[in-house]
2 protein chains.
Amino acid sequence: MDDSIQAIHTGLQAIVGSDQIFTGTATDRWSRDWTGQFEGMPLAVVRPGTCEEVAAILRLAGQYNVPVVPIAGNTGLNGGAYGAGSILVSIERMNRIREIRSDARVAVVEAGVIVAALDSAVGQYGLTFPLTFGAAGSAMIGGVLSTNAGGANVLRYGNVRDLCLGLEVVLPDGRVLDLMTALKKDNSGFDLRDLIIGAEGQLGIIIAAILKLHPRPVFHATALVALEDLREAPALLNAFQDASGNAVTAYEFMSRSYVAGYEKLVPTARRFFENFYPAVLLVELATVRNEELGELLETVLGDAMERGVVADAVIAQSDMQRQEMWSLREAAAELAFRKHPVIDTDIAVPVDCVAEYLERIPELGPVST
Amino acid sequence: MDDSIQAIHTGLQAIVGSDQIFTGTATDRWSRDWTGQFEGMPLAVVRPGTCEEVAAILRLAGQYNVPVVPIAGNTGLNGGAYGAGSILVSIERMNRIREIRSDARVAVVEAGVIVAALDSAVGQYGLTFPLTFGAAGSAMIGGVLSTNAGGANVLRYGNVRDLCLGLEVVLPDGRVLDLMTALKKDNSGFDLRDLIIGAEGQLGIIIAAILKLHPRPVFHATALVALEDLREAPALLNAFQDASGNAVTAYEFMSRSYVAGYEKLVPTARRFFENFYPAVLLVELATVRNEELGELLETVLGDAMERGVVADAVIAQSDMQRQEMWSLREAAAELAFRKHPVIDTDIAVPVDCVAEYLERIPELGPVST
């Protein structure tokens, strides 16, 4: 066994050079996750710089029958990058934005590009890569694709699956699968792209992607909305969508216990409502052109309050107030992981079944509709 | 061989009853396609009425090693339902709309439901199933899913892949794959749903689906736009999208030769432009609320004409004029198949490469950007 470990290390050195191999305590940065739940020493962390190096690592691992776990930004909460005894393949050095094609609204990127960095880079063209969530400042494209991340704008732009046109993937045997098309419709052969997205690295390591970009919204209108009955939420969402021409970018549910937990966690935080309501929704509309979004929000909320659907509502009057509202929502991971044991995160339920689900599973943490 | 054919027929009769089995010239309706290019007598056409019957047919076919070809509305142009010597499994009797959940904006349907019929059924809820194309009045859900159809609204609503949340599939060995979730995000296991969509029936027969619905647009603004240079089209599309908050539902390109061909085919048709331009675009915006769409269209077109991007433009002033514009576009299949030999249809090219593609492949028929 020691002989083969030595041979693996020698092999890895020949592929990436000794500078890009980490063992023992030098692997800490990659082998512990944010939740503190998943920790285990890998055989080695390697940081390849090219497609060919990734392929060679996978061939070597196959030869010695050592498991391989790809790792990107290490921001996952469910142990997807846990790899005790494995070769952890970090794609963080492959972080080049190869091309931004503003007319076609696509970006060609390597898997190690940080999500927020891509969004920032395309901003100069008036475009956005709209995937965003608490960890967007460190999560990487390869990771969000392998987990099919959703995030706070999922309602408007879909999961990252909906934002991906093409992929470059190194298969477990070292072959390279080139699916790098920028086609809106690609009906050639089986849809291998979507099979690999969300596969958590089990089918191969994503090393590059062609991603869709969207016009960058300039105007935002944000509100916290309190409901006595969560069952009203889907119809209210539809009212916002219809009134705004589908300009809703966020519609995030927070339970009574979540809001209470947040106020305990951050005692200095602004209290938006005097009472604790069964359901608080964070609603955000965003457009490229100012279409009197705030006014529109007010109209829909006014109607809903008259009908008794909405118990109370606060519309952000400044960017600071908007940020305060988002801080409430973005504490979700922190709040969820204070309760132990953590059972699961990111549970999905059909939109019109959320209220019933929550009734039947009491004392849940925050859930995104 | 005759013995086994006899055994297959006996087996099929036991499954679906002799009323639902067709052989010889009785198979004509299914064994000839609209293009006249694909014609071949199947061993039999069978019309199962339930999931269990479909499963039993597939098991029987496997036992006798007979190919099976699923057939839905038989509107395809590329021979996907060609099945000489095969058992053609028509799913047309499985045509029930099981459920319309208007709050969640989903419909649960069987694969034999006709595309336009579904759209019509959800209209009473102010919703639309937005997939549409020339053959929507006879194409069926199972067929459009198996071919990942796009259609005239693909720009706004995506391919049918983007409209599908769940599937029920009978696998080649008769097992039933139940992927009937209504989840906007389903990250459990591998994405088998997308693997089956667009697989042309090679991986199984789709027998039911859960489909997304959208708010039904009430207001439309439609124009024909003439360009001297197709290279201007992507930026012009972006201008329409940004100005309207992504209200563009159609953006269809027709070449000079296409427009000339149409005028020859339908000499009585209205001529929108005095000249033949290199590129004519059919542009349509649609919203749930009237946001002065016509005015918006005029503004963007006015700007573009001033900048010399647009050579000429006609905005539909009535529903009849809108229909005339669509008639021009919808003659595409008819025009394409008048030229022989037909080489291919539905070619996909990245948006910003369409102009170059057309330059390099002279004398193409109509192409959808």
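**Briefing: an annotated domain, a helix and a loop residue**

UniProt, in an unreviewed entry, lists residues 38-216 of chain A as "domain: FAD-binding PCMH-type"; such annotations may be inferred rather than shown by experiment, and their positions are given in the numbering used here. The structure is a predicted model, in which local features need pLDDT of at least 70 and side-chain atom pairs count only at pLDDT 80 or more. Residues are numbered from 1 along each chain as its sequence is written, and chains are lettered from A in the order in which they are written.

**The annotated stretch**
- Over residues 38-216 of chain A, the chain is 21% helix and 25% strand, where helices (H or I, at least four residues) and strands (E, at least two) are DSSP runs numbered from the N terminus.
- The end C-alpha atoms of this stretch are 37 Å apart.

**Helix α11 of chain A**
- The buried residues of α11(A) are A:Gln321, A:Arg322, A:Met325, A:Trp326, A:Leu328 and A:Arg329, buried meaning under 20% relative accessible area, exposed over 50% and partly exposed in between (1.4 Å probe, protein chains only).
- They cover an arc of only 150 degrees around the axis, which puts them on the same side of α11(A); the arc is that of the directions from the helix axis to the C-beta atoms.
- On the other side of α11(A), A:Asp319 and A:Met320 are exposed.

**Residue B:Asp162**
- B:Asp162 lies in the loop between α6 (154-157) and β8 (164-170) of chain B, and is partly exposed, with a relative accessible area of 27%.
- Leaving aside residues up to four places away in sequence, B:Asp162 touches A:Asp162, B:Tyr157 and B:Lys212, contact meaning heavy atoms within 4.5 Å.

Conventions
Side-chain values use heavy atoms; hydrogens and water are left out.
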